[in-house]
Amino acid sequence: MNITVLDAATLANTSLDALAQLGKLTCYDLTAKEQVVERCQDADIVISNKVVIDQHAMSKLTNLKLICVAATGTNNIDLSAAKEHNIAVTNVAGYSTPSVVQHTFTLITNLLGNTHRYINDCQQGLWQQSPMFCRLDYSFNEIAGKTLAIVGYGSLGKAVADVARAFGANVIISERKGQTPREGRVSFNDALTTADIISVHCPLTDETRNQIAAAELSMMKPSAIIINTARGGIINEADLADALANNIIAGAGVDVLSKEPAEQENPLALYKGANLLLTPHIAWASQESIVRLVNEIALNIQAFNQGETRNRLV
């Protein structure tokens, strides 16, 4: 059985022995869309994190039996075409929850404590110039007692809520925008106006695209911060940059953009204010998380070979 990995670089040099034991393994660090057919010509199984595999490619890959998405989202795979060509598709869910939760709170605690500013000052030698034992140039705020709103209450949102409660926060769960709140939730608008911290964990869909833009940001407290470790495009990037520049909100932590890698002219990539923490889509990528991902892919392949439907989308 021939197994081809199209973007092994996204697995950060993690051992692929679990995959190599299942067949002849061929790995490419990165693969352009136009290289897919050539590189997968003899493959029975293709593993892709973000490489697009579309109808055209599938029609040419007559040996292909299984596509393993090395992620949860499957927008890079034409699922309808896979069904048409009788190609199974699997994904992996839940593997990165501890990693995403940790990074979410890394962004929150750094913004509330202005840790990044203090670190920079120490590197610039300002502590050595202090007339007292500490520096108190920037505010340092606690999570305890703050209201933290979760937008998107799936497994990630629930895990973030649990940690927030451990910090002593008052957690509220936002209902979907425009819908009447279910029991235990508050309306989307009430979540925006009430929260000191908003953490976004919903998927990017037609419904959620740009669901937080200028109007929504202006509803937030001037002291509030917003965190997005979900998907770029849920928060309007130009509007967020403007809200940060004009102190409409206090800060933002963003790990995802609408186009990745970041474009040179992206408003958040261009923004230089200290009230934005921008990281390059790393929330999912702890070493432990990627090991779990590889092991889950191996289990998906084993299940497929045994006629089981583990994590099957098609």
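C134 is buried (under 20% relative accessible area, with exposed meaning over 50% and partly exposed in between, for a 1.4 Å probe and protein chains only), its relative accessible area being 19%. This is a predicted model in which local features need pLDDT of at least 70 and side-chain atom pairs count only at pLDDT 80 or more, whereas totals for chains, interfaces and linings use all residues. Residues are numbered from 1 along each chain as its sequence is written, and side-chain values use heavy atoms, with hydrogens and water left out.

A search of the whole structure finds 0 disulfides, a disulfide being a pair of cysteine sulfur atoms within 2.5 Å.

| Cysteine | Relative accessible area | Nearest cysteine sulfur |
|---|---|---|
| C122 | 38%, partly exposed | C134, 11 Å |
| C134 | 19%, buried | C122, 11 Å |

An open sheet comprises 5 strands in the order β2-β1-β3-β4-β5, with parallel pairing. Strands are DSSP runs of E of at least two residues, and helices are runs of H or I of at least four, both numbered from the N terminus; two strands pair if DSSP finds at least two bridges between them. At the edges stand β2 (24-27) and β5 (88-90), each pairing on one side only. Neighbouring strands are turned by 15° against each other on average, direction ignored.

Strand β1 (residues 2-5) pairs with β2 in the parallel sense over 4 bridges, and I3 stands opposite L25 in β2.

Helix α12 (residues 287-305) lies across β1, β3 (45-48), β4 (66-69) and β5, where contact means heavy atoms within 4.5 Å. Helix α12 runs at about 160° to β4; axes are lines fitted to C-alpha atoms, for helices over the stretch in contact, and angles run from 0 to 180 degrees between N-to-C directions.
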